[in-house]
Amino acid sequence: MTGTIPLSRQRNLGIIAHVDAGKTTLTERILFHAGRIHRIGGVDEGTTVTDHRPEEQAKGITITAAAVTCGWDDHALSLIDTPGHVDFTMEVERSLRVLDGAVVLLDAVAGVEPQTETVWRQAERHGVPRIAFVNKLDRAGADLGRAVRALEARLGARPLVLTLPEGEPLDALLDVVRRERVRFDAEGRVASREPCDHPRIDAAREALIEACAEVDEGLLEAWLEGEVDEAALWAALRRGTLEGRWLPVLAGSAYRNVGVPLLLDAVVALLPDPSVAAPLAEGWPRTVEAPLAALCFKVDFDAYGALAFVRVYAGVLRKGDAVDVNGRKLRVGRLVRLFADQREDVEAAPAGSIVALVNAELSTGDTLADPTRPIALEPVTAPEAVMRVAVEPRTRVDRDRLPKALARLRLADPSLRVLADPETGQTLLAGMGQLHLEIAVSRLRTEHGVTVDVGAPRVAYRETVGSRARVDETLRKQTGGPGLFAHVVMEVEPAEPGEGLVFEDRIRGGAIPREYVSGVRKGVEAAASCGALGHPVVDVRVVLLDGSTHPNDSSEHAFALCAEQAFRRALGEAGPVRLEPLVRLEVTVPEAHVGDVIGDLSARRGRIVGMETERDVVRLDAEAPLAALFGYAADLGSLARGRGTHHLELARYAPVPEGVAVRA
Ligand code: GDP
């Protein structure tokens, strides 16, 4: 196959960080250092550069593209964009699905910040191997040791330091593995390496070797005897990193061009290649020889149309091929790879690679598969929206364009929902948080040319039931022609929080034939989208117990209608309970103002669950209803005299207490 490089020399990685840690700066520096792959390795012969149209060139590919490819040391690196704000939890989840390893980026002054913690937990859940880059070591107050202790204390990580900062101001790094002082030129390339004996290196090296000896006993012996083989040390480090045993830590300053090449060396040496992960299914390895399986993880729109970003897990995706997309057929048209400065057409994308399909009918979460071996990769599930705003098109032109613009936004970001307000008929945009919605509204304007006025944000309630109820419902219609008949007996009861809607069929002996049971299920699902209080129904178990049919008048449709009625009645009888979203809130505030901040939180129905003081700054952990937190940023600002920060994340849904006013 042309244009491919072995899987062992590919790295799909993401940089995960709290906002402002320096992700944009670091990405720019990486793309600067890591040139086009063909410059360094001749690895993409077979591709043709066809984007000669000046406007396409001029536009350039921004570093915020969903995936950008570059090359380092004969390896192809694809940088996958991870969102910079926790409101986009779903985007983080889906980028974690398609990357194989991650660089956890910290600000050396701020250390581990709330979102660092969130994305760390998500990466852990997905089993994504990580290394860390402690950035901004040029800043006053930067402290590698403190950042390392925070990694231990707040993330439970086991950091192993590979490079140490040197110089005030920072102008070199100490390479712990090679015992060298490394200097960089003005553009950040390695300018010199010289042997260096330093007690800081000795201490870090001892810790490193002791750890690596856990996976390679020979290392300890070699060390005691005086010399450790560098290749063996890297091999052991890699093993432990892939197993998630420890977190290799590199130091530097992206802005001052210190340390980026050493970080890239570590990416290549320590992060996994695409074949390392478990097979997709029994006998379905992640190799080019296996049948095609690829996942569309992002759809972006620009002036030229849609770019559907696809990660190929197995097989080869070829231009012109007919592939299966969740049961329908798709002809693969133009395939492009994105580089820092342009896109290039490619003929084929083998396992491990990331490409974009131009103007293909794909949406986020679609699986592309070999039509003879269809497979559905687990879609990235869109979480239920927790907040919504009414949007009102400003002009007639805006009104005409809005539906199409909203449909495109939804394709790109399925965690956005569009609904109609049942009372006012207004269009409601629902999403994961205030910022998520603000950005969606701004994308409507900048990407789709639609301006809207936005109403006050409201939280998205849900409902469940408080007790059990059994109903016996019969539907009988006789209006000339074929009639309708269905009879169901069902029970509803509370399920565990987070279980959603559970449907259980306990019909024995065929009192209702199977095809009608599926009608019952559909009817229940339809009724559950808008329950007794007008909210989606969750955490309810529905048990179908019994029923009967009519020889002529029964149908799936009749059972769906009957089940809908039965379920609505059961909800009313079981006592509907309104649920509201609660968030986990982390607030940092100078000690002097902590009393005011706590007082304000209790007024907002918040509950303090933890409190920690470091120097004169208090970190509060709290749980509070989202509905009581609108405008919190501004209020915290005045309570803490501009020195407070906060971070919130959806925690769970819980019943709205008695006596709390609700504006659904
Ligand atoms: P992002 O929000 O994570 O993408 O962060 P940016 O790359 O936009 O950086 C946030 C701010 O930190 C900007 O003002 C950068 O210039 C600055 N910054 C980034 N890296 C460094 C660094 O290594 N040292 C210093 N002193 N500032 C940095």
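**Ligand contacts**

I started at A254: one of its backbone N or O atoms sits 3.1 Å from an oxygen atom of the ligand. This is a predicted model, so I keep that in mind for every distance below. Next I checked how much of the ligand the protein covers. Taken alone, the ligand exposes 570 Å², and 72% of that is buried by the protein.

T24 has a polar side-chain atom 2.4 Å from a ligand oxygen. For T25, a side-chain N or O atom lies 2.6 Å from an oxygen atom of the ligand.

**The shell**

How many residues surround the ligand? I get 14, and the closest are D20, K23, T24, T25 and D138. I also sorted the shell by residue class: four are nonpolar, five polar and five charged. Which helix gives the most to this shell? That is α1, residues 23–33, with three residues.

**Cysteines**

I searched the whole structure for disulfides and found zero. As a reminder to myself, a disulfide is a covalent bond between the sulfur atoms of two cysteines.

C530 comes out as partly exposed, at 39% relative accessibility, while C196 is buried with a relative accessible area of 6%.

**Aromatic pairs**

Last stop was the rings. I describe a pair of aromatic rings by the distance of the centres and the angle of the planes. The count comes to two pairs.

One is F297 with F309, a tilted pair at 6.3 Å centre to centre and 50 degrees between the planes. The pair links distant parts of the chain, 12 residues apart: F297 is in strand β12 (residues 293–302) and F309 in strand β13 (residues 305–314).

Another is Y516 with F559, which I logged as stacked: the centres are 5.1 Å apart and the planes make 15 degrees.

Terms used
Residues are numbered from 1 along each chain as its sequence is written. This is a predicted model: local features need pLDDT of at least 70, side-chain atom pairs count only at pLDDT 80 or more; totals for chains, interfaces and linings use all residues. Side-chain values use heavy atoms; hydrogens and water are left out. A residue is near a molecule or strand if one of its heavy atoms lies within 4 Å of it. A polar contact is a pair of N or O atoms within 3.5 Å; within protein, one must be able to donate a hydrogen and the other to accept it, and residues adjacent in sequence count only if both atoms are side-chain atoms. Accessible areas come from the Shrake-Rupley method with a 1.4 Å probe; for residues, only the protein chains shown count as cover. Helices (H or I, at least four residues) and strands (E, at least two) are DSSP runs, numbered from the N terminus. Ala, Val, Leu, Ile, Met, Phe, Trp, Tyr, Cys and Pro count as nonpolar, Asp, Glu, Lys and Arg as charged, and the others, Gly among them, as polar. A disulfide is a pair of cysteine sulfur atoms within 2.5 Å. Buried means under 20% relative accessible area, exposed over 50%, partly exposed in between (1.4 Å probe, protein chains only). Rings of Phe, Tyr and Trp (its six-membered ring) pair if their centres lie within 6.5 Å; planes under 30 degrees apart count as stacked, over 60 as edge-to-face and the rest as tilted.
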